[in-house]
Amino acid sequence: MLRNSATVLFQSANLVRTIHTTAACNEIRKLARLRVVDNSEIGKRAMAEGKPPKCIHVYNKQSVGRIGDKVLVAIKGQKKKGILVGCKQFQKPKIPKFDSNNLVLIDDNGTPLGTRIHVPIPTILRTILKEKTQAKGADYTKLLGIASRFV
């Protein structure tokens, strides 16, 4: 018997148990699992073993990751930085919503670790990363250069 969206009630042999479930979180916060979509060696190994990277920190004031934000992830026992190129959460107009939280791994100066991105990335990412390239001094234009498809 379902009471509400957060509590499930089971009855069997005069035994009542309540199991609390939480709603799926579609935001990129700490401990969110991400999917590496470039062909970097560490990313390919982690995804093949079924141990996707987890978000440790989001580099913005809200601590909620959106498309184009830089995040720190734990992958294969190492700390790496990455750029979010696709999110499940509800998006602003003209920004596509993806069915997985996609990440491209980068090094400290913004150069991608891989040489190819396997999934389409949103076109709005060009303007978002262009603003961040000028403001922060990191070079994100190489990330746009290795993308083959845009949505």
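**Salt bridges and their surroundings**

Mentor: A search of the whole structure finds two salt bridges. The model is a predicted one, and the protein chain averages a pLDDT of 82, with 79% of the residues scoring at least 70. Where pLDDT is low, the predicted coordinates should not be read in detail.

One of the two salt bridges joins the side chains of Lys76 and Glu49, with 2.7 Å from N to O. Lys76 sits in the loop between S5 and strand S6 (78–86), while Glu49 sits in the loop between helix H1 (41–48) and S4, so this pair ties together parts that are 27 residues apart in sequence. Lys76 is partly exposed, at 34% relative accessibility. Glu49 is also partly exposed, and its relative accessible area is 45%.

In the other salt bridge, Asp108 pairs with Lys81, and the closest N and O atoms are 3.5 Å apart. This pair, too, links distant parts of the chain: Asp108 belongs to the loop between strand S7 (102–106) and helix H2 (124–136), Lys81 belongs to strand S6, and the two are 27 residues apart. Asp108 is exposed, with a relative accessible area of 63%, whereas Lys81 counts as partly exposed at 22%.

The strands named so far belong to an open sheet. Five strands form it in the order S3-S7-S6-S5-S4, with mixed pairing. Strand S3 (35–36) and strand S4 (54–58) are at the edges with a single partner strand each, so one side of each has no neighbour in the sheet. The partner of S4 is strand S5 (residues 70–75), and the two pair in the antiparallel sense over four bridges. Within this part of the sheet, Val71 in S5 is the bridge partner of Val58.

Val71, Leu34, Leu103 and Ile117 touch the most other members of the largest nonpolar core, which has 32 residues. The elements giving two or more residues to this core are H1, S4, S5, S6, S7, H2 and helix H3 (141–145). S7 gives the most, with four residues.

Definitions and conventions. Residues are numbered from 1 along each chain as its sequence is written. This is a predicted model: local features need pLDDT of at least 70, side-chain atom pairs count only at pLDDT 80 or more; totals for chains, interfaces and linings use all residues. Side-chain values use heavy atoms; hydrogens and water are left out. pLDDT is the predictor's confidence in each residue, from 0 to 100. Two strands pair if DSSP finds at least two bridges between them. A salt bridge is a side-chain nitrogen of Lys or Arg within 4 Å of a carboxyl oxygen of Asp or Glu. Buried means under 20% relative accessible area, exposed over 50%, partly exposed in between (1.4 Å probe, protein chains only). A nonpolar core is a set of buried Ala, Val, Leu, Ile, Met, Phe, Trp, Tyr and Cys residues joined through side-chain atoms within 4.5 Å.
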